[in-house]
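User: Can you walk me through this model? I want to hear about salt bridges and pockets.
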Amino acid sequence: NVPPIIMRGITMAGFDKRVSSYEEAMEGIESGMTVIAGGFGLCGIPENLIAEIKRRAVTDLTVVSNNCGVDGFGLGVLLEDRQIRKILASYVGENAMFEQQMLNDEIEVVLTPQGTLAE
């Protein structure tokens with residue numbers, strides 16, 4: 001039995017978004033979905049959730065984030081297996097694999113002003 005959650009005076013009986021593992025957090029993720037990843041640069045990124053997405057080998061993802069990580073870290077690990085189809089980001093400058101995929105038209109890139117992402 002889940003206790004009711006009270007947010008701003010509104011009771012939401014039976015609603016509990018807490019999970020006990022990264023596996024549980026990523027239940028239901030499927031190829032073709034859109035993923036929004038927080039953080040700025042490599043700070044505050046959902047590193048372990050990204051690792052779980054990589055482990056699940058879902059593909060054709062659209063990603064919205066400040067950047068696409070660096071080679072071998074952050075969202076960059078999803079580029080290794082070409083799991084990202086499209087990215088909306090404000091900075092794309094420190095990832096050689098990302099650059100190569102972009103120049104080869106292997107990934108769709110939508111550059112978005114940082115302020116727009118922050119809104």
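User: Is Asp60 buried, exposed or partly exposed?

Analyst: Asp60 is partly exposed, with a relative accessible area of 36%. Buried means under 20% relative accessible area, exposed over 50%, and partly exposed in between, with a 1.4 Å probe and protein chains only. A caution first: this is a predicted model, where local features need pLDDT of at least 70, side-chain atom pairs count only at pLDDT 80 or more, and totals for chains, interfaces and linings use all residues. Residues are numbered from 1 along each chain as its sequence is written, and side-chain values use heavy atoms, with hydrogens and water left out.

User: Which residue forms a salt bridge with Asp60?

Analyst: Arg85 does, with the closest N and O atoms 2.8 Å apart. Asp60 sits in the loop between H2 and strand E4 (61–64), and Arg85 in strand E5 (residues 84–89), so the pair ties together parts 25 residues apart in sequence. A salt bridge here is a side-chain nitrogen of Lys or Arg within 4 Å of a carboxyl oxygen of Asp or Glu. Helices (H or I, at least four residues) and strands (E, at least two) are DSSP runs, numbered from the N terminus.

User: What network are Asp60 and Arg85 linked in?

Analyst: A network of salt bridges that links Asp60, Arg85, Lys86 and Glu108. Within it, the side chains of Glu108 and Lys86 meet at 3.8 Å, N to O. Glu108 is in strand E6 (residues 108–111) and Lys86 in strand E5, so this pair ties together parts 22 residues apart in sequence. Glu108 is partly exposed at 38%. Lys86 is partly exposed too, at 22%.

User: How many salt bridges does the structure hold?

Analyst: Eight. Another is Glu52 with Arg56, at 2.8 Å, N to O. They are four residues apart in helix H2, which means about one helical turn separates them. Glu52 is buried at 4%, while Arg56 is partly exposed at 29%.

User: New topic. What volume does the largest pocket have?

Analyst: About 160 Å³. A pocket is an open set of points on a 1 Å grid over the protein atoms alone, where a 1.4 Å probe fits, with protein on both sides within 12 Å along at least five of seven lines; lining residues have an atom within 4 Å of a point. The volume is the space filled by probe spheres set on the points, which are joined across faces, edges and corners.

User: Which residues lie nearest its centre?

Analyst: Met26, Val35, Ile36, Leu49 and Ile53, out of 13 lining residues. Strand E3 (34–36) and helix H2 (47–56) each give two or more residues to the lining.
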